[in-house]
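Here is a briefing on one protein chain. Please look over the sequence and the model before reading the points.

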Amino acid sequence: MSTYIKELSRKEKKSLAVLGEELAVLQRSIIAEKGSVCILIDGWENSGKGEVISRLTQELDPRYYEVVEMPSHWEAKHSHRLFRSFWAALPRKGHITIFDRSIYNGILHNPEISEKTLDGRLEDLTAFIRMLTDDGMIVIKLFLQISHDEQKNRIRAIEKTEFKKEILSTLDYDQEKRYADFADHFAEIISRTNRLYSQWHMIAMDDMKDGCRAAMSIVKDELTAGLDAFRSLQALNAASREEKTTAEIASYPSAFPANLTLEVAEQDYRQRLKELQEKARRLAYMMYICHIPTICVFEGMDAAGKGGSIKRLTKEIDPRSYTIATTAAPTAEELSFHYLRRFMTKIPEPGKITIFDRSWYGRVMVERVERLAAPREWRRAYEEINAMERFLKHIGVNFMKFFLVIDSEEQLRRFNDRQNTPEKQWKITDEDWRNRDKGDLYNDAYQEMFYRTSTSTAPWIIVEGNVKYHARLKVLHTFVTQSERKLRSYEENHAKEFNWKNLWNEYETIGT
């Protein structure tokens, strides 16, 4: 890049140094007040992203910022990695993350993206940015613009250097050749993702010095305004925590079946269990072959049988293909990020399975009841969760969520059994008894959760758990039927290269 950046005059250096010092002062406020800042820098190839980042960070304390370089282009089939990488790189409290290219990059540089895919990606992107700003993060979006003539000059200048192969890519030449197409595409994306809470700032970079100065001024102004908004949000959350009620108690219809005791004869159970586990094993392998990721969420009452159901589900599945993500109370490190981050970073690779033993729903259950989240925070979480699950569907995840329910009498019986059986005592804690005493509050939380988050995209599967045999079979049957449905849908879109019934029949000869 330095081959076409002109030397700054003394006056220009001083002007930039003053802006740099002002940014450093703002950074110290961010550190002290435990705010977080995400700066997304996108734009044309060779528009000066590196120079802008250098100027922005020149006077900052390097212990409290990070620059993350995202790949120059992402194919749609790898979008899960883009989102996962983005969430993993988000700043913790008191820190700044600057993205060289960003989460928008996969769609910005792909004018051929289908309208359907684009609509889904934009819906996801808008929802995720809103989640971050609602949580108090300052999000600043810069788009670096250059004219076609300046673009040509820069490419020609780089071609004369010995590093041209390292700097220039096919995307540079594609943008040069189809400048008008890319310009129109950029304009559409920017227009459709421009929001009051996260506006795009267009920066003319034909003159690198003026562009850097403009970028620094914009970031300074946005940080100043963002800190004021962050302080106001903190005050609102503090006031919300002082509310006397733990919920706006409303009358939500019970999602629980009237009969939770569905008997299954042991002989029938053994036979059905073996059949379903064999089907689950084959289907998991077929999902691996077809690169279809799967996520299973398990929630439920204490002692309802989540662990036993997970164990039977995975019994015959190749353990290399799945991961069990057991969700405990968040650590101090996890609490310094957005609450969804620790789940978004566990999105499985294509063909793999992630099983969440408890999940993001803790936000609207235990964190609500135990007042670990302010009412403003958990009330906001319903739509954030729905948006996250829509995203999982958009990227092709085979997604299902189970809630295991038992009645109060059965729960007490299981608690006492655990308490009085030495080899089971590890399963029961004082917290389980405390949660049982708050049964009415938890039931209110459950019913509102079902009402607000059981969607056509991601419906809850309520599992009657009084009889463990029934619960385990229902989980397995649901996994099998939903996975078969997913594979049929895959076959419709890949008819020439895939026939899932043939693969099913040839399973034993393919090898595992």
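Predicted model: local features only at pLDDT ≥ 70, side-chain atom pairs only at ≥ 80, totals over all residues.

Two strands pair if DSSP finds at least two bridges between them.

- S7 and strand S8 (residues 353-357) run parallel and are joined by 5 bridges. Thr326 stands opposite Asp357 in S8.
- S6 and S9 pair over 7 bridges, in the parallel sense. Cys296 has Met400 in S9 as its bridge partner.
- S9 and S10 run parallel, with 5 bridges between them. Phe402 has Ile461 in S10 as its bridge partner.

**Burial of S9**

- S9 is mostly covered, with 8 of its 8 residues buried.
- In a regular strand the side chains alternate between the two faces of the sheet.
- Asn398, Met400, Phe402 and Leu404 point one way from S9. Phe399, Lys401, Phe403 and Val405 point the other way. All of these residues are buried, the charged Lys401 included.

- Strand S1 (residues 37-43) is mostly covered: 7 of its 7 residues count as buried.
- Val37, Ile39, Ile41 and Gly43 point one way from S1. Cys38, Leu40 and Asp42 point the other way, and all are buried.
- S1 runs parallel to strand S3 (residues 96-100), with 5 bridges joining the two. Ile39 stands opposite Ile98 in S3.
- S1 also runs parallel to strand S4 (residues 138-145), joined by 7 bridges. The bridge partner of Gly43 in S4 is Leu144.

- Met216 is found in helix H10 (residues 208-241).
- Is Met216 buried or exposed? Met216 has a relative accessible area of 1%. Buried means under 20%, so Met216 is buried.
- Leaving aside residues up to four places away in sequence, Met216 touches Leu16, Leu19, Gly20, Leu23, Arg55 and Leu56.
- Met216 and Arg55 lie 161 residues apart in sequence. Their C-alpha atoms are 7.5 Å apart in space.
- Two packed helices are described by the angle between their axes and the distance between the axes.
- H10 packs with helix H16 (residues 375-394) at an angle of about 100 degrees, and their axes are 7 Å apart. Angles of 65 to 115 degrees count as roughly perpendicular, so H10 and H16 are roughly perpendicular to each other.
- On the H10 side, the contact involves Leu233, Leu236, Asn237, Ser240 and Arg241. On the H16 side, it involves Pro375, Arg376 and Glu377.
- The residues of this contact of H10 with H16 divide into 3 nonpolar, 2 polar and 3 charged.

**Whole chain**

- The secondary structure of the protein chain comes to 22 helices and 10 strands.
- The C-alpha trace spans about 85 × 60 × 40 Å along its principal axes.
- Of the 512 residues, 51% count as buried.
- Among contacts with a separation of 6 or more, 83% come from residues 24 or more positions apart.

**UniProt annotations**

- An unreviewed UniProt entry lists "domain: Polyphosphate kinase-2-related" over residues 10-210 and 265-485.
- Residues 265-485 are 54% helix and 14% strand in the model. The end C-alpha atoms of that stretch are 28 Å apart.
- UniProt (unreviewed entry) also lists residues 259-286 as "coiled-coil region".
- Over residues 259-286 the chain is 75% helix and 0% strand. The end C-alpha atoms there are 36 Å apart.

Definitions and conventions: Residues numbered from 1 in each chain as written. Heavy atoms only, no water. Helix = DSSP H or I, 4+ residues; strand = E, 2+ residues; numbered from the N terminus. Buried < 20%, exposed > 50% of the residue type's maximum accessible area, 1.4 Å probe, protein only. Contact = heavy atoms within 4.5 Å. UniProt positions renumbered as here; feature names shortened; annotations may be inferred. Axes fitted to C-alpha atoms, helices over the stretch in contact; angles between N-to-C directions. Parallel < 35°, antiparallel > 145°, perpendicular 65-115°, else oblique.
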